[in-house]
Structures are given as C-alpha cells and as structure tokens.
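Come along and follow the entries with the model beside you.

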Amino acid sequence: MENEGSKEGSNYRRFKPHLLMVLSQMGYTFLYFITEASFNHGMNPHVYITYRHVVSGLVIFPFAYFLERKVRPKLTLALFVEIFILSLMGVGLTLNMYFASLSYTSPTFLASMVNTIASLTFVIAVMLRMEVLDLRNPRGVAKVLGTLVSLGGVMTMTLYKGPIMKNLWDPPIHIQRNKTIHENWLKGSTLTVASCVTWSIWYIMQALTLKRYPAQLSLTTWMSFIGAALSAVFTVCVDHTRQAWTIGFNIDLWSTLYGGAVCSGLIIFVQLWCTEEKGPVFVTMFNPLSTILVAVLAYFIVGEKLYMGSIIGAVIVIVGLYLLSWGKEGDREAEIKSEEESNTAHDEGVLAP
C-alpha cells in the first residue's frame, strides 16, 4: 500500500505541470467568450488591458507580500530594469499590439499567427541554448516533429474549412458579434507578427528572470502594476476621451475582474511556476489547446459553425503535443541522471581517504 501511494504521489508530481497548463488553457478559453462579449458591448480593449492588470496586481499583492517575505530577493536597480522590460514585452507591447491588430486583420489570420508562438519560442530557446536538442536522440527528433506537427495542425484548423458540421441543438447562448473590421492588411499583419515575436521573447525572458528573482507571486505583482502603467500611457496616447475609461456594473466589469484575478493573476503565476519547472517551450506548447476548446465550446454553446478542418486540425495538434511532451520527458530523464551522477561523485569524494 505504501508503495502504491508513493507511486501515485510520484506520478502526480510528474504530471502536475501538465495538469496545471491544461487548466490554464481552460481559463483562457472562458476569457475568450467573456472578453468578446465585453468588446461587443463597447469596452475599449486597451482600457480593458489596463484595468485588468490593476486588478491582478491588487489581488496577488497580499499573497506575494506575506508568502514570499523570506524567499524574495532584494530588488536592485538592474533587476527592476529587467522586470520593467519583461512587463513591457508581456503587457505594454504584446497585448496592446494584439488587440489593436484585431481591428485591421481577419480573425483567421490572427488565430493562425498567434498559435505559432510555441514554434517561435522553441526556435529562440534552441538558439539561446535554453532548450536541449539532440537530433541523434529519438526524443530530440520528437521535439522537432512535435513542434512541426502542432504547427501543421494549427494551420489546418485556421486555413482549411471543409464541410460544415450540423448543429445538434439550438445553442443556449447567443452572442451578437460586431462585424465592423477596418481592414488594413499591412498595418494589421505587422502588428500581429510583432506581437507574436514579443510574446515569444516574453516567455524566454521569464525563464531568465526567474533565475535571478525566484519569487513567482512577487514577479506577477510587479509585472501587473508596471504593465498596467505602461498600458495606461499607451491608451492615453491613442484615445483621449474620458468616456473610454468609464465602466458600469455590467459585462465590462465582470470581464475585467475575471481577466485580472484569474488570467493575469492566477494563470500567470501558474505559468511562471511551470516555466521554472519545465522551461518556456513546455508552457507555450499548450497554447493551441485553447483554440481547440474555443472551437468546441463555440459550437455546442454559442452555435458557431464548426468545420471538418477544425476537427482534423485538432487531432493533429494533439498528436504533435504528445510527441513534444514525450521529447521533453527526455530532458527530465537527463536531469535525473545528471543529479544521480553528481551525488555519486560527491559520495565517492566523501568516502575517499
């Protein structure tokens, strides 16, 4: 019985990051629907980003202050500048460019580009030698194949439609969509590509910053407050009206509270923890799951059209994620082997006369 309990505990610790990332993508899935309803209601996306990160900072601050008093490093000027740049990449630039591009490009193009973040992060991590890649090892080949297969599945979901799946019942929820899109392909595509690049760099920077500032709650708080300030400056530059900053007791308020407390607070903390445990590539490889979940829920609950291409693409993505996950397990085995060799060498050194 003790061995079984020990084995279950070992399996839980082993797959805990996987479970947390799946739950995080489920949280982002709900965010998609509630923010879409809020934006269609008339809320300014840039004001939403600002308020959302103010909320996350206020929610996480008490936990960071009391729970990390003993582990939080001293904040030097160099470290503050690093966190400032991290906040600029993750909030000030990435999210504002992402939401700005919504006004100039098609949702299909945006979805296909955003889901390339995992591949971009993998390439950057390999270039910076943050990701182990041994093509002579089957697990190393699985990483590359998994990344390419997942990317191919995402592209299939967004670029190939195929036959429309018939709705099984009348959807319980109806969302009135805003069809007004002022298309400007050059401007929109530039903003989208730039947001994907900064997003990937942000994931890489998280891993680097956590080595010098290993306090996930405190780092989340700093990024929230600094990101909110940067976003506020950007919003004032693009929208001078006081009315844009006014929100009532409606869907705008609920989307801001949920986005701040859950997505920019709890989920970012979870992602930082998983980044420290597994690396930035592991975190980004789960991003396509939200695309799959959104498509499925939109079909069953909102009544959106579901195409055969989305189903085929979702299956391909899952296969790619499995390959990449299997390849990443090789890193874990290598770490365990390295630790065992280090401990053996240490023991031999202690026992030596």
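**Entry 1: a tryptophan to start with**

I began with Trp 254, which has a relative accessible area of 43% and is therefore partly exposed. A reminder to myself before going on: this is a predicted model.

I then looked up ring pairs in general. A pair of aromatic rings is described by the distance of the centres and the angle of the planes. How many aromatic pairs does the count come to? I noted eleven aromatic pairs.

One of them joins the rings of Tyr 32 and Phe 33. Their centres are 5.2 Å apart and their planes stand at 85°, so I wrote the pair down as edge-to-face. Tyr 32 is partly exposed, because its relative accessibility is 34%. Phe 33 has a relative accessible area of 12%, so I listed Phe 33 as buried.

Trp 254 has a ring partner too: Phe 249 and Trp 254 form an edge-to-face pair, with 5.3 Å from centre to centre and 70° between the planes. I checked Phe 249 for cover and found a relative accessible area of 70%, so Phe 249 is exposed.

**Entry 2: the nonpolar patch**

I found a nonpolar patch of about 870 Å², and its members include Val 54, Leu 58, Phe 63 and Phe 225. Which helix gives the largest share of this patch? I traced that share, eight residues, to helix H2, which covers residues 45-67.

Val 54 is found in helix H2. Is Val 54 buried, exposed or partly exposed? Its relative accessible area is 32%, so Val 54 is partly exposed. I needed the cut-offs for this step: buried means under 20% and exposed means over 50%, with partly exposed in between.

I also noted that Phe 61, Tyr 65 and Phe 66 form one aromatic cluster. Phe 61, Tyr 65 and Phe 66 are also among the residues that make the nonpolar patch.

**Entry 3: salt bridges**

Then I went looking for charged partners. Side chains of opposite charge can pair when their charged atoms come close. How many salt bridges does the structure hold? I wrote down three salt bridges.

I looked at Arg 212 and Glu 82, which form a salt bridge with their closest N and O atoms 2.8 Å apart. This pair links distant parts of the chain, 130 residues apart: Arg 212 sits in helix H7 (residues 185-212) and Glu 82 in helix H3 (residues 77-101). Arg 212 is partly exposed, because its relative accessible area is 47%. Glu 82 has 16% relative accessibility, so I counted Glu 82 as buried.

I went on to Glu 131 and Lys 143, whose side chains meet in a salt bridge of 3.1 Å, N to O. Glu 131 lies in the loop between helix H5 (117-127) and H6, while Lys 143 lies in helix H6, so this pair ties together parts that are twelve residues apart in sequence. I noted that helix H6 covers residues 138-159. Glu 131 and Lys 143 are both buried. For Lys 143 I have the value as well: its relative accessibility is 1%, so Lys 143 counts as buried. The side chains of Lys 143 and Glu 131 are also listed as a polar contact of 3.1 Å.

Asp 134 is partly exposed, because its relative accessibility is 31%. Arg 136 reaches 79%, so Arg 136 counts as exposed.

**Entry 4: a contact across the chain**

I looked up His 41, whose place is in helix H1 (residues 2-41). His 41 has a relative accessible area of 47%, so I listed His 41 as partly exposed. His 41 and Ile 251 are 210 residues apart along the chain, and their C-alpha atoms are separated by 7.8 Å.

**Entry 5: cysteines**

Last, I checked for disulfides. A disulfide is a covalent bond between the sulfur atoms of two cysteines. How many disulfides does a search of the whole structure find? The search finds zero.

Cys 263 has 0% relative accessibility, so Cys 263 counts as buried. Cys 274 also counts as buried, because its relative accessibility is 0%.

Definitions and conventions
Residues are numbered from 1 along each chain as its sequence is written. This is a predicted model: local features need pLDDT of at least 70, side-chain atom pairs count only at pLDDT 80 or more; totals for chains, interfaces and linings use all residues. Side-chain values use heavy atoms; hydrogens and water are left out. A disulfide is a pair of cysteine sulfur atoms within 2.5 Å. Buried means under 20% relative accessible area, exposed over 50%, partly exposed in between (1.4 Å probe, protein chains only). Helices (H or I, at least four residues) and strands (E, at least two) are DSSP runs, numbered from the N terminus. A polar contact is a pair of N or O atoms within 3.5 Å; within protein, one must be able to donate a hydrogen and the other to accept it, and residues adjacent in sequence count only if both atoms are side-chain atoms. Patches are made of residues with over 30% relative accessible area and no salt bridge: like charges are joined within 9 Å, nonpolar side chains (Val, Leu, Ile, Met, Phe, Trp, Tyr) within 5 Å. Accessible areas come from the Shrake-Rupley method with a 1.4 Å probe; for residues, only the protein chains shown count as cover. A salt bridge is a side-chain nitrogen of Lys or Arg within 4 Å of a carboxyl oxygen of Asp or Glu. Rings of Phe, Tyr and Trp (its six-membered ring) pair if their centres lie within 6.5 Å; planes under 30 degrees apart count as stacked, over 60 as edge-to-face and the rest as tilted.
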